[in-house]
Every structure is written in structure tokens, then in C-alpha cells.
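Here is a short tour of one protein model, written for reading beside the structure. Keep the viewer open as you go.

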Amino acid sequence: MAMKAKKLQPAKVEAIAAAKTTLEGGSDYIFTDYRGLTVEQISALRDQLREKNCSFKVVKNNFARVAFEEMEISMVADYLKGPTAIALASGDTNEIAKILYDFAKETPALQVKGGLIEKEVYDAAKLEAFSKLPGKKQLIAMIMSTINAPVQKLAATLQAYVDKKSEGGAAAE
């Protein structure tokens, strides 16, 4: 829990408000340790994440902790230790996690600490398993193809019957 000073400094109050505004931009959060990454590597990662409408922000831990408390999210304090960058996701979070884990394989300096996804805390192992699941769009496509398959088979059977009838052959009743 963050310590609160007796006298609030205006600069810190503004910094906490800015952190809160930044953090409210996402619905899911993935916490990473970025120690050892170069500026070029962080920029490349940010570019990959930006394609998925995700931002990758470095926020001072104390400011982030207070901002999360003001947002009534207190279960992420364990991830706000050491150099921390936060991926702010608002769409398909498992795709964001997949990008982070793929990047971590190429660049071992990036370490995924954990995340908060749909109000549930994920540790690094659970988040890695989550990243291997298909995305929402892929799942919808799989369901639609499963639903559509019997209709396609029926249509093909009926079309074959019509084709056989039009050729003048005797169709089986």
C-alpha cells in the first residue's frame, strides 16, 4: 500500500491524476519488467502493440499504485515493484499477451510479471497459457464454420440432386 504524505505536493497530485487518466485508457493490464531493453527494442515493441490498439506505458510505481487504488483496483500492487511497464489493452488481450511473450522469446530482457484481465489477476504462467488461446475473432470464426457446415452439406446434396435431375438421369427418391 502506498504511503500518504501529510502535505500533498501539487506536482505529485498532478502526476497521480495523469497516471490515473493513462490507466483508465485500458480495461486490461499486463505488467512487464523492461530492465535491460534498449530504446530501439521498446520502440519496436510499442509499434507491434500499437497495431493491436494497445499502449505500452512506463509509470512510476507509487503513482500507479495510488491511481489503481483510486480506481478501486488494489490486487495489482504486487506487480508494481521494480522497473515496470504496463501494456494497456482494451481489445483482444490474449493477442497482446502473445505479442509480449513472442517478444520476450526474442529479447529475454523483457519479463512478463502478470496481469489483470477482466478483473481477474493472472500470474505469469497463467498469462502465458492465456496467450496461447485463440483470439475472440478466431473463436467466432470457428463457431460459425461449425454452425455453417451442416447447411453447406445439405445445400450440396440438394444441388447434386437438381443437377442429376436436369441431366435426365433417374434420381433416387
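**Helix α5 and its neighbours**

The buried residues of α5 pack against β1 (28-33), α4, β4 (111-117) and β5 (120-123), with contact meaning heavy atoms within 4.5 Å. Do keep in mind that this is a predicted model, where local features need pLDDT of at least 70, side-chain atom pairs count only at pLDDT 80 or more, and totals for chains, interfaces and linings use all residues. Residues are numbered from 1 along each chain as its sequence is written, and side-chain values use heavy atoms, with hydrogens and water left out.

**More on α5**

- L127, F130 and S131 are buried in helix α5 (residues 124-131); buried means under 20% relative accessible area with a 1.4 Å probe, protein chains only.
- These residues lie on the same side of α5 because they cover an arc of only 100° around the axis, taken from the directions from the helix axis to the C-beta atoms.
- Helices are DSSP runs (H or I, at least four residues), as are strands (E, at least two), numbered from the N terminus.

**Domains**

- The protein is divided into domain 1 (10-133) and domain 2 (135-172), with bounds from an automatic or database domain assignment.
- Taken over C-alpha atoms, the centres of domain 1 and domain 2 are 46 Å apart.

**The second largest pocket**

- Domain 1 and domain 2 each give at least three residues to the lining of the second largest pocket.
- A pocket is an open set of points on a 1 Å grid over the protein atoms alone, where a 1.4 Å probe fits, with protein on both sides within 12 Å along at least five of seven lines; lining residues have an atom within 4 Å of a point.
- Of the 13 lining residues, D92, N94, E118, F130 and K136 lie nearest the centre of the second largest pocket.

Conventions: Buried means under 20% relative accessible area, exposed over 50%, partly exposed in between (1.4 Å probe, protein chains only).
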